[in-house]
Amino acid sequence: MREFAALYTALDDTNKTNEKVAAMVRYFEIAPSADAAWAVHFLIGRRPKRLIKGPDLWEWAIEASGLPTWLFAECYDAVGDTAETIAAVLPDQKPPSSVFSRRDPEPPSSVFSRRGPTDGAQPGSRKTEEGGWGVEEVSAHAGLAAWVENRLLPLAGLPEPEQRAALQRAWSELDRSGRLVFNKLITGAFRVGVSQDLVVRALAQCSGIPTPVIAHRLMGAWEPSGAFFESLVASDSRDADISQPYPFCLAHPLATEVAKLGDIRDWHAEWKWDGIRAQLIRREGRSFVWSRGEDLITERFPEIEAVCDNLPEGTVIDGEILAWMSGKPMKFLDLQQRIGRKVLSKKILEKIPVVLVAFDVLQWQGEDVRAKPFLERRALLERLPVMISPSVEADTWEDLAELREQARSRGVEGLMLKRTDSPYLVGRKKGLWWKWKIEPMTVDCVLIYAMRGSGKRASLYTDYTFGVWNGDELVSFAKAYSGLTDEEIRRVDSWIRRNTIERVGPVRTVKPELVFELGFEAIQLSSRHKSGVAVRFPRILRWRHDKTPQDADTLENIKQVLLGE
């Protein structure tokens, strides 16, 4: 646990990519396999759900700290994060040495040295007769796997008195950095500034396995264990599970003039769909549908499973799941009604039917074809029994720009531009795929509520709620927290503190004076919102110093212009 906490600190203390990768390499080189597996699990963004209720966590932390409730609350207001607040206010333990502080560490067993435990066993801990690890028997010096499996995850199933005792004991044994990591995992808020690509790079450096192989092995469903980590860095690469998807190839937003991309004949254009990115896999007589978020969603979309069942053996295609009716896509907000439903009624299937629009093939007759040029893969795709994203043909960039203006009426977000010779790579690579989106819809709104941010923005009011006019009343229209510069954030924060008219918990009601232009991708009627509309991906475009609150948009006008009512 101490080594993982030290790794967390090392990653959090730098914004340099090479230093982050080097820190992870050092960790993976000395960590036992089971610890390394859990570290990978957390670093790539997989984390447990909140294990303890928020009010209980506060109560027990206040008790352990000896602080009065009001002072603990003030500390939280200053920090803005429960895990960090608890780690800071509890008495410090002397931090033990770690690979990040020892000068010449003696490396313990690891998968790379093929020595020692891979099942979570650590010095200072002892197996129970049942073969598990008792909560009281795992010492403070045990490794990450022992802590997670025997002191962290069991918290969810304990009665509250036992939760309290186990939690306070853990806090008393860990130093500040260890408590911080432990608390982040308990609250489900663990995140640190590394992408999955950086984790893959570090693992590749440690093991000598090519990054595409590591990336592929990390896709799909797997359980963190010593055996998994050893398979992750194993030299034999013929191990792909039949259900395992490939890492997705992603596009960058086009931030330059389209004509600067060169000859239009070197590019393939197609519509940019607004749905759920997915891979369809047909291997060994079985069908699998995976989302880009690495969720297995086969059973949630029986229509797509049926498409997958008709694919030839050894086929993997990439595409977009869309709500679809009368020959055109419905809004993403309609599709959201299908997301997360475990029980699909006949009514919802009829109300929101879905299709898959395919735009790439990754495996053909059992062969990985990602390295082939895009046009060759496209030719293979056209031989499959699937609905294919149509090409958007134009002789010049000017002609293509005119076609792009039809995007909103077609229910799409703009255009995708793909080099005709591009391979299907892992992650986001510049220069090969671009998304050329249309300009967002915009509305001028008034700031009406504000909350503090989290993490580095915990001491600033950065989470805003904006309103539009409904008669003489400002009604909540959208929430946004991105789009302002650091200087603008500081100025808005200062203004909020001077112009608060009411506080309700963490929310401040402010004088309705500041006007901002918001941008968003889509708008739809919604009975769940007070304004009667819902928007997608709202963000602040600019602070409208030139407008007064009376100049803000009205709900009536928004519905007429943007919704055509």
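Student: Is Gln 365 buried, partly exposed or exposed in this model?
Tutor: Keep in mind that this is a predicted model. Gln 365 has a relative accessibility of 60%. The cut-off for exposed is over 50%, so Gln 365 counts as exposed.

Student: Where is Gln 365 found?
Tutor: Start with its backbone: Gln 365 has a positive phi of about 50 degrees, although it is not a glycine. Strand β10 covers 354-364 and strand β11 covers 367-368. Gln 365 is found in the loop between β10 and β11.

Student: And how does Phe 537 count: buried, partly exposed or exposed?
Tutor: Phe 537 isn't a glycine either, yet it has a positive phi, of about 55 degrees. You'll find Phe 537 in the loop between β23 (533-536) and β24 (539-543). Its relative accessibility is 47%. Buried means under 20% and exposed over 50%, so Phe 537 counts as partly exposed.

Student: Let's zoom out. What percentage of the residues of the protein count as buried?
Tutor: The protein has 20 helices and 24 strands. Of its 565 residues, the part that counts as buried is 50%.

Student: How many of the residues of helix α3 are buried?
Tutor: Helix α3 runs over residues 33-43. Its buried residues include Trp 38, His 41 and Phe 42, along with Asp 35.

Student: Which residue just after α3 takes a positive phi?
Tutor: Look just past the end of that helix. The phi there is about 105 degrees, and the residue is Gly 45.

Student: What covers the buried residues of α1?
Tutor: In α1 (residues 2-12), the buried residues include Phe 4, Leu 7, Tyr 8 and Leu 11. The elements covering them include α2 (17-30), α3, α7 (144-152) and α9 (176-186).

Student: How are α4 and α5 oriented to each other?
Tutor: α4 (residues 54-65) and α5 (residues 69-79) pack with their axes 10 Å apart, at an angle of about 110 degrees. Their crossing is right-handed. Angles of 65 to 115 degrees count as roughly perpendicular, so α4 and α5 are roughly perpendicular.

Student: How many charged residues are in the contact of α4 with α5?
Tutor: On the α4 side we have Trp 58, Ala 61, Ile 62 and Ser 65, which meet Thr 69, Phe 72, Ala 73 and Tyr 76 of α5. By class, six are nonpolar and two are polar. The number of charged residues is none.

Student: Is α4 roughly parallel or roughly perpendicular to α6?
Tutor: α4 and α6 (residues 82-89) pack at an angle of about 15 degrees, with axes 10 Å apart. Angles under 35 degrees count as roughly parallel, so α4 and α6 are roughly parallel.

Student: How many disulfides are there?
Tutor: A disulfide needs a pair of cysteine sulfur atoms within 2.5 Å. Cys 75 is partly exposed at 24% relative accessible area, and Cys 206 is buried at 15%. By the 2.5 Å rule, the number of disulfides is zero.

Note on methods:
Residues are numbered from 1 along each chain as its sequence is written. This is a predicted model: local features need pLDDT of at least 70, side-chain atom pairs count only at pLDDT 80 or more; totals for chains, interfaces and linings use all residues. Side-chain values use heavy atoms; hydrogens and water are left out. Buried means under 20% relative accessible area, exposed over 50%, partly exposed in between (1.4 Å probe, protein chains only). Axes are lines fitted to C-alpha atoms, for helices over the stretch in contact, and angles run from 0 to 180 degrees between N-to-C directions. Helices (H or I, at least four residues) and strands (E, at least two) are DSSP runs, numbered from the N terminus. Angles under 35 degrees count as roughly parallel, over 145 as roughly antiparallel, 65 to 115 as roughly perpendicular and the rest as oblique. A crossing is left-handed if the near helix is turned anticlockwise from the far one by less than a right angle, and right-handed if clockwise. Contact means heavy atoms within 4.5 Å. Ala, Val, Leu, Ile, Met, Phe, Trp, Tyr, Cys and Pro count as nonpolar, Asp, Glu, Lys and Arg as charged, and the others, Gly among them, as polar.
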